Amino acid sequence: MPEKIDYDSKIPNNVSLADDRRLQRALEGWQPKFMNWWSEMGPTLETHGVYLRTAVSVGRDGWAHFDHVNVPDYRWGIFLAERDPGRTIAFGEHKGEPAWQQVPGEYRADLQRLIVIQGDTEPASVEQQKLLGLTAPSLYDLRNLFQVNVEEGRHLWAMVYLLHAYFGREGREEAEALLHRNSGSPDAPRILGAFNEETADWLAFFMFTYFTDRDGKYQLGTLKESAFDPLSRTCEFMLKEEAHHMFVGTTGIDRVVQRSAELIREHDTMDIGAHGGIPLEIIQRYLNFHYSVSLDLFGSETSTNAANYYTAGLKGRWLEPRRQDDHRLTDDSAQLARPRDDGTWETAELQKIVLLNLDLRGEYIADCETGVKRWNKILDEAGISFRFALPHPGFNRYVGINSGHHITPDGTIVDEQTWRRGRKHWLPSTEDLAFVRSLMRPVYERGKIASWVAPPRQGINGKPFDYEYVYL
Ligand SMILES: [Fe+2]
Ligand SMILES: [Fe+2]
């Protein structure tokens, strides 16, 4: 019964680490390197206790414990969801066979690669958000930032555990490399583009947790279906933590829009910059940017790698068991809209199995639409006619069939000149970024909040907004 977490050992875990001395020693050797990385690349702001949740059990109820914790003393550990002994593979050519408890030799390299790519994103976001603690709009927000950061650190642990436990010497080398690469580093950057972008201000942080963390949710969802059971169980528990990151993004943007709407009403102008609010056009341009770089994370629309991973059982579809088909996809087809050099769109019919990245992206886009609806409802209720929208999936893309084309937010293929002229209306300009940055001043008094964002409706774990979430 592995559900209870052992907090007595150096590395908290529910994988009976104490029974495998070699593995335990190897991970205890990695631990100080992680702590070094955290102190160099983690949050810059020094605190004397943050009201954080820590996992106490991976079961359905009451898995979290809340208390003020000195951040470097946070108990990062290894937590896998409970094992289902009867679990079978849900898709691909091994469909119906028992899930794997070890890595089959023929899939070793591919599985290792998938784990490394996922693992690389986790510490990257901590690095990207390193400076945000210096300008938090409230103690409540500051606490949420730290919560997201420590959990991304734990997600790194989750992947490093798999590398150490199942991939031998190569796995241990990859675990070192995860600490060696850094976001934005010219010599050793993070693997994926979006994770080398700076998260320079809190609007960007809310957009990142809404759009980019949400990509993470969908990637984890496909790995949760994996035939490799330890990976599946790891991702299942990570998804529980990830839900809070989504919450930070969704409600963060809610509150920015709410505040902007209040200022528009109060001053009867859309031009609320002078009143300490963020104009809706700037919010839309941030949205366009973060959404489009997040779409790049889904990879090329057509992918034989993704098809091979699916057939092998390494990576499934979002909510695979709920799909109404044969879960092998050898005979199914699907459609793909692609830009042509003459500036028109064509629709191609392709095998469904080579369009799995597109399938996942489609699920993600539908989810993103729910956010846009929420924010538009806030505007509607304030009697403001402005509406947010997701740009066309071809807009501002550097990966896949749309890269190399200039596509406007409404999906028109244009020439380079038109693109250059339109760019400042579609993506955050230098002035936008400088303006938003000018609003970023820390507000660390209990119960107080910055001018550009509304307070949350509720605090954390039933505590009020004016609770002392962080001791400074
Ligand atoms: Fe994560
Ligand atoms: Fe996350």
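Colleague: Asn 461: buried or exposed?
Modeller: Asn 461 counts as exposed because 12 other C-beta atoms lie within 10 Å. The cut-offs, with C-beta atoms placed from the backbone, are 20 or more other C-beta atoms within 10 Å for buried, 12 or fewer for exposed, and partly exposed in between.

Colleague: What are we working from, and how are things numbered?
Modeller: This is a predicted model, in which local features need pLDDT of at least 70 and side-chain atom pairs count only at pLDDT 80 or more, while totals for chains, interfaces and linings use all residues. Residues are numbered from 1 along each chain as its sequence is written, with chains lettered from A and ligands numbered from 1 in the order in which they are written.

Colleague: Where is Asn 461, and what is its phi?
Modeller: Asn 461 sits in the segment after α11 (430-439). Its phi is positive, about 55°, although Asn 461 is not a glycine. Helices here are DSSP runs of H or I with at least four residues, strands are runs of E with at least two, and both are numbered from the N terminus.

Colleague: Asn 396 has a positive phi too; what value, and where is the residue?
Modeller: Phi of Asn 396 is near 55°, and the residue lies in the loop between α9 (356-381) and β5 (406-407). Most residues other than glycine have a negative phi.

Colleague: Is Asn 396 buried or exposed?
Modeller: Buried, because Asn 396 has 23 other C-beta atoms within 10 Å.

Colleague: Switching to glycines. Where is Gly 77, and what does it touch?
Modeller: Gly 77 is in the loop between β2 (64-69) and α2. Leaving aside neighbours within four places in sequence, Gly 77 is in contact with Ile 5, Ile 11, Pro 12, Asn 13 and Trp 157. Contact means that the C-beta atoms of two residues, placed from the backbone, lie within 7 Å.

Colleague: Why does Gly 77 count as buried?
Modeller: Because it has 22 C-beta neighbours inside 10 Å.

Colleague: And Gly 371: where, and with which contacts?
Modeller: Gly 371 is in helix α9. Outside four places in sequence, Gly 371 is in contact with Tyr 210, Thr 250 and Ile 253. Gly 371 is buried, with 21 other C-beta atoms within 10 Å.

Colleague: On to the helices. How long is α2?
Modeller: α2 (residues 108-128) has 21 residues and reaches 31 Å from first C-alpha to last, close to the 30 Å expected. That expected span is 1.5 Å times one less than the number of residues. Of the 21 residues in α2, 15 are buried.

Colleague: How do α3 and α6 pack?
Modeller: The axes of α3 (residues 139-166) and α6 (residues 229-267) come within 10 Å and cross at roughly 170°, which makes α3 roughly antiparallel to α6. Axes are lines fitted to C-alpha atoms, for helices over the stretch in contact, and angles run from 0 to 180 degrees between N-to-C directions. Under 35 degrees counts as roughly parallel, over 145 as roughly antiparallel, 65 to 115 as roughly perpendicular, and the rest as oblique.

Colleague: Which residues make that contact?
Modeller: Among them are Asn 144, Glu 151 and Leu 162 of α3, and Thr 234, Met 238 and Val 248 of α6. By class, the contact of α3 with α6 has 8 nonpolar, 6 polar and 2 charged residues. Ala, Val, Leu, Ile, Met, Phe, Trp, Tyr, Cys and Pro count as nonpolar, Asp, Glu, Lys and Arg as charged, and the others, Gly among them, as polar.

Colleague: What about α1 and α4?
Modeller: The axes of α1 (residues 21-41) and α4 come within 10 Å and cross at roughly 10°, which makes α1 roughly parallel to α4. Ala 26, Trp 30, Lys 33, Phe 34 and Trp 37 in α1 meet Arg 172, Ala 175 and Leu 179 in α4. This contact of α1 with α4 has 6 nonpolar, no polar and 2 charged residues.

Colleague: What else does Arg 172 touch?
Modeller: Not counting residues up to four places away in sequence, Arg 172 touches Ala 26, Leu 163 and His 164. Arg 172 is partly exposed, with 17 other C-beta atoms within 10 Å.

Colleague: Last one: which residues touch the most other members of the largest nonpolar core?
Modeller: Val 160, Leu 203, Met 207 and Val 256, out of 109 residues. α3 gives the most to this core, with 15 residues. A nonpolar core is a set of buried Ala, Val, Leu, Ile, Met, Phe, Trp, Tyr and Cys residues joined through C-beta atoms within 7 Å.
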